[in-house]
Amino acid sequence: MRHEIMARPAATVLKVNLDQGESLTCEVGAMIAMSSGITVETTSRQRGGSGGIMKGLKRMFSGESFFLNHFTAQQPNQTIYLGPSLMGDVMSHPLDSATLIVQGSSWLASDPGIVIDTSWQGFGKALFSGESMFWVKCSGTGNLFVNSFGAIYEVDVNGHYTVDTGHIVAFEDSLTFKIGKAGQSLIGSFLGGEGLVCKFEGQGKLFCQSHNPPSFGKLLGPKLRPR
Amino acid sequence: MATVESMTSDVPFEITQRPDFALLTVQLEQGQKIYSEPSVMASMSPTILMKAGMKGGFKKTLGRMLGGESLIINTFTAQDGPGEVVFAPGTPGDLVHYHLDNNTLYMQRGAFLSYTDGVDLTGKWQGAKGFFSGEGLVLLKASGNGDIFFNSYGAILEIDVTNEYIVDTSYIVAFEDTLDYRVTILEGMKLGGKLKSFFFGGEGLVCKFSGQGKIWIQTRAVNPFLSWVYPFRPTKNN
């Protein structure tokens, strides 16, 4: 499987070459175009795992839609183009028997050798329900593709590091974390617009995005007619 | 990405700031004309005269309207001497130049930016094809002999089709008429004749191209972005 990341950094698109029998698991709706020798199958989970359509449907209506499209090349030398819905970048991150925790909307695609666990609730469910955020635990071996809103920057955490939750793209599971407030008092934090932050601790890589999707959404939403 | 400059076109032009904020600058000699979609002129020399009008008579105007474009085509004429016009599309994205040589190019609604003399632009009623795709595939047809410029939301990628290729209808920008096309639901999204994963799949409708020719696709689409914004809209109080 070869890949190429094109038109960086704002309108970035991922092109993947699949040879006969090779497959790729993608976020639903990410496919832009593909060769005709590729077939698609939708599941609500990683193939072989538990789940099924009904469970997936339940998750979708609870605001945690997580359907996966599995694209498989039935012929040699097939191509597929994938892109996220927001303006931003795409990054490839090969995993070698490792685990990366990815923000739900940042996960774009991965090798079938990577297990996608959408039930990870390390941050606590209640906390993020308002932010409509969920997390995907990706573990195994193979290439993982993530996308961002805006640019991606990498932070090598060694010790302590604080990130606004809306700016997290992904992080290595060697890091531990605590959810906290940015300022001295909770009210002060919210007034300062910082909301909740994630305080990481330990050693590992953290990938952040330059723009915060919920902030942008909250800026646009009130200017639109009520639904 | 590199700036695109003209070598073979009828009008000297330059496309800069690709692929995110592409701008088109054309140089007109005295008496030369260029036509554009309304409200895409960003700036121009004082020698240029702009005139809005229904170009090509009622039938063609109606055709364009069906094609999702405005009724009005603006005409820019270098009336008082040579000058330049700078065109900027409504969406941030890319821009492509195509030279028509007695052939035909189809463009997705909203993709057309401007064209030179010799190009004939009409709407194309898709019949069942277009009806089936709803908003997805309403096309404009450009034919004749001249230059045409089209734009996108996001970058534009060119795909050389030699056999068959599948494109999500929201991402089609333009394609050559040497290709046959059919709007369909992705194979595998149907199970036992039922639309099993079409609804869940989110890939919606695709256009299956066959034959030989070029397709231009965009790397972002407006509809997925709107779906993303939708949950942020306020809810009605009652």
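Strands (E, at least two residues) and helices (H or I, at least four) are DSSP runs, numbered from the N terminus, and two strands pair if DSSP finds at least two bridges between them. This is a predicted model, in which local features need pLDDT of at least 70, side-chain atom pairs count only at pLDDT 80 or more, and totals for chains, interfaces and linings use all residues. Residues are numbered from 1 along each chain as its sequence is written, while chains are lettered from A and ligands numbered from 1 in the order in which they are written.

- An open sheet of 7 strands has the order 1(A)-2(A)-7(A)-4(A)-14(B)-19(B)-16(B), with antiparallel pairing.
- Strand 1 (2–6) of chain A and strand 16 (179–185) of chain B are at the edges with a single partner strand each, so one side of each has no neighbour in the sheet.
- A:Met34 has A:Ile80 as its bridge partner in strand 7 of chain A and B:Ile166 in strand 14 of chain B.

**Contact between the chains**

- Chain A brings 33 residues to the contact and chain B brings 37, where two residues are in contact if their C-beta atoms, placed from the backbone, lie within 7 Å.
- On the side of chain A that touches chain B, strand 4 of chain A gives the most, with 5 residues.

**Confidence**

- The model scores ipTM 0.85 and pTM 0.87.
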